[in-house]
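This report describes the fold, the ligand surroundings and selected side-chain contacts of one structure. Please keep the sequence and the 3D view at hand while reading.

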Amino acid sequence: MQRQDDLTVALLGAGKMAEALISGWLVTGTLEPGRIRACNRKDRERLRDLECRYGIVTTPDKAEVLDGADVVILAVKPADAPVAMAEAAPLLDGRQVVVSVMAGVRLDALRDGLGGHPLVVRAMPNTSCSLGAGATALCPGRDVPAEAMETARRLFDPLGVTVDITEDLFDAVTAVSGSGPAYVYLLAEAVIEAARSLGLTDEAARLLTAQTILGAGRMLLAEDADPRELRRRVTSPGGTTAAALAVLEQAGVVARVHEAVRRAAARSAELAALAAHS
Ligand SMILES: NC(=O)c1ccc[n+]([C@@H]2O[C@H](COP(=O)([O-])OP(=O)(O)OC[C@H]3O[C@@H](n4cnc5c(N)ncnc54)[C@H](OP(=O)(O)O)[C@@H]3O)[C@@H](O)[C@H]2O)c1
């Protein structure tokens, strides 16, 4: 992966998502630690910890973090967004690209909250970015020039895959790839428990399950891959896989998954409405 030696990144917020991004940029060799700066609100121990583990630059001082940065990542909880944006607005220079990873904070609200800052991009990454295996959706604000969007892409493309979406699809993306890792972890938990109950050691159960998920994911990423066809190929009539799938079918798992993803999207919309009125 090409190192982005000309970019300095400032993170406002130093929590779980910020750490996933930091780790991803370092693991993939996208940025060197000295080009990543982070600040938070009050947890100094957390800043020291990030500095120790990743060698990045941290400071409680927002002006210091933002000064000279090319890209500013807004990674605070949506409820904390108004304060964080009001604090950042007077410190921004007009050329800095601001990328918000905050769920439910709309582009108009970002622009307004940042005092009319022209270069805002909304992103919805997931925590698998920490390994360079993330999935991120991107959407530029109104009239944001292509170069600004390109700058955002240079930071998020190396962290996995990126897709461009329109803003109305953020709730759907949140439900699919934002919450998605948890669906897979739930399935993994269940398979690992079942594997143990069949006599496999903890380690064997975990390894076999994780590698199976990784391999299936890689098969799915192949060009033109069709999950239905992949499933058909591993399901012999009357065989073991067919027996397992029949149990899941009988339990209505497919319909429940549809329901779960739709519920997550609806919840995302509810939270976005709350964020808009906070
Ligand atoms: N976690 C995920 O899987 C995920 C996925 C996609 C998107 N996101 C989005 O990422 C954002 C952050 O989520 P998270 O899970 O990383 O939350 P988190 O772990 O709670 O971290 C939030 C961070 O924001 C800092 N903060 C709060 N107010 C601030 C301010 N005024 N100025 C500077 N920093 C401030 C907090 O600092 P203190 O600790 O000092 O208060 C903390 O470092 C959210 O908007 C979420 O929607 C998260």
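A nitrogen atom of the ligand lies 2.8 Å from an N or O atom in the side chain of Lys62, a polar contact being a pair of N or O atoms within 3.5 Å; within protein, one atom must be able to donate a hydrogen and the other to accept it, and residues adjacent in sequence count only if both atoms are side-chain atoms. The model is a predicted one, in which local features need pLDDT of at least 70 and side-chain atom pairs count only at pLDDT 80 or more, while totals for chains, interfaces and linings use all residues. Residues are numbered from 1 along each chain as its sequence is written, and side-chain values use heavy atoms, with hydrogens and water left out.

**Ligand surroundings**

There are 23 residues around the ligand, and Ala14, Met17, Lys42, Lys62 and Val76 come nearest; a residue counts here if one of its heavy atoms lies within 4 Å of the ligand.

| Residue | Atom of the residue | Ligand atom | Distance |
|---|---|---|---|
| Gly15 | polar backbone atom | oxygen | 3.3 Å |
| Lys62 | side-chain N or O atom | nitrogen | 2.8 Å |
| Ala103 | polar backbone atom | oxygen | 3.0 Å |

**The sheet**

Eight strands form an open sheet of mixed pairing, in the order S3-S2-S1-S4-S5-S6-S7-S8. Helices (H or I, at least four residues) and strands (E, at least two) are DSSP runs numbered from the N terminus, and two strands pair if DSSP finds at least two bridges between them. Strand S3 (57-58) and S8 stand at the edges with a single partner strand each, so one side of each has no neighbour in the sheet.

From S7 the chain passes through H6 to S8 in a right-handed β-α-β crossover, meaning that, with the strands pointing away from the viewer, the path from the first strand over the helix to the second runs clockwise.

**Aromatic contacts**

One aromatic pair is found in the whole structure. The ring centres of Trp25 and Phe156 are 6.4 Å apart and the planes stand at 70°, so the pair is edge-to-face. For this test, rings of Phe, Tyr and Trp (its six-membered ring) pair if their centres lie within 6.5 Å; planes under 30 degrees apart count as stacked, over 60 as edge-to-face and the rest as tilted. Because Trp25 belongs to helix H1 (residues 16-27) and Phe156 to helix H6 (residues 146-156), the pair ties together parts 131 residues apart in sequence. Both Trp25 and Phe156 are buried (buried is under 20% relative accessible area, exposed over 50%, partly exposed in between; 1.4 Å probe, protein chains only).

Elsewhere, Arg122 lies over the face of Phe170, 4.1 Å from the ring centre; the criterion is NZ of Lys or CZ of Arg within 6 Å of the ring centre and within 35 degrees of the ring normal.

**Loop residues**

Most residues other than glycine have a negative phi. Asp143, in the loop between S7 and H6, has a positive phi near 65° and is exposed at 69% relative accessibility. Asp224, in the loop between helix H9 (202-221) and helix H10 (227-233), has a positive phi of about 65° and is exposed, with a relative accessible area of 73%.
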